[in-house]
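Hello,

Here is the structure I said I would pass on. Please open it first, then read the notes under it.

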Amino acid sequence: MADKQLVYVDGSFFDKMDAKISVFDHGLLYGDGVFEGIRVYDGRVFKLKEHIDRIFNAAKAISLNIPLQKDEVTEIVLETCRKNGISDGYVRLVVTRGFGDLGLSPLKCPKPSIICIAATIALYPPEFYHTGLKVITSTVRRNKATIIDPQVKSLNYLNNILARIEADRLGAPEALMLTEDGLVAECTGDNVFIIVKGEIWTPPIHMGILDGITRSTVIELAVESGYTVKEKEFTAFNILTSDECFLTGTAAELIAVTELDGKVIGTGKAGAVTRHLLEVFQNYTKTNGEKIY
Ligand code: PXG
């Protein structure tokens, strides 16, 4: 990693302390914008095409016209990694609605802003992958797709932050979020899976969850490895009575959950399927991704 952190903002690279956008940007004033969190492994950007496609879809869903082509945004991500000498780390790509006035209407925001930050990443301590996470269920329900669709990875993350505050207060590393109907949706920054009698279950996207890129990758790898994977609705009861539960996300990769609200899941340790899939996933990350250099 280079000494100085250089941040891309609208066509130029700035020193970390000089990388700024306007206080009139609707990204700040209203959380109006979209973002991606992307992982870099051994000089390759993992699932870059999928992240670029997802941010363009999210932008489209909120009528935000990204003023560049996909290949240009792809190059911004790669160049930001190069400028910062990143071989392993994390990229935050942000598109805001841009400079506007104090009214809500995006009609007053002529030009979206594009920001790209490449940094190192804070990971869970390695022992958590053996002991598993002790997760709590948040009283905050996940946004309904008909109100703010969780498929849009928007700059408005208050729903998740409110759940994370509850987890922090209880000393838990993640919070499980339910739908308004009390079905399992996802965690604040991770998708949820359980193992039931040898089958792998995960909630379907239409329930109102983020279409996680790690989630899709794990489903694909699990099917290739011979597991039966079902996208189906389930409740906290199914988590508590499951053989194993794990979360997937860009930062966490694939990590066991061994307690929910103080109740032990399975053996209370990371289970065999979870450990196997983590190994398969980590092997996959070693050989896949867009080369930076
Ligand atoms: N659900 C939500 C609500 C998320 O925000 C995931 C699931 C997992 O998706 P991916 O595509 O990463 O497999 C996310 C992703 C952070 C951070 O800084 C959060 C995410 C990703 C990277 C970093 O907390 N959330």
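How do the residues of the shell around the ligand divide into nonpolar, polar and charged? There are 5 nonpolar, 9 polar and 6 charged residues in that shell. Please keep in mind that this is a predicted model.

Start with where the ligand is. The ligand sits in the largest pocket. Residues of the shell come from both domain 1 (6–119) and domain 2 (128–285), so the ligand lies between these two domains. Four elements each supply at least two residues of the shell: the strands β5 (89–96), β9 (184–187) and β13 (244–249), and the helix α6 (213–224).

Next, the individual residues. Around the ligand there are 20 residues, of which Tyr157, Glu186, Ile213, Thr214 and Thr250 come nearest. For Tyr157, a polar side-chain atom lies 2.4 Å from an oxygen atom of the ligand. Arg92 also has a polar side-chain atom by a ligand oxygen, at 3.2 Å. Ile213 takes part through its backbone instead: one of its N or O atoms there lies 2.8 Å from an oxygen atom of the ligand.

Last, the cover. On its own, the ligand has 540 Å² of accessible area, and the protein covers 85% of this.

Regards

Definitions and conventions: Residues numbered from 1 in each chain as written. Predicted model: local features only at pLDDT ≥ 70, side-chain atom pairs only at ≥ 80, totals over all residues. Heavy atoms only, no water. Near = heavy atom within 4 Å. Polar contact = N/O pair within 3.5 Å; in protein donor to acceptor, adjacent residues only side chain to side chain. Areas by Shrake-Rupley, 256 points an atom, 1.4 Å probe, with all protein chains shown as cover. 1 Å grid on protein atoms, 1.4 Å probe; cavity = no way out; pocket = protein on both sides within 12 Å on 5 of 7 lines; lining within 4 Å. Sits in = over half its atoms within 2 Å of the grid points. Nonpolar A, V, L, I, M, F, W, Y, C, P; charged D, E, K, R; others polar. Domains from an automatic or database assignment.
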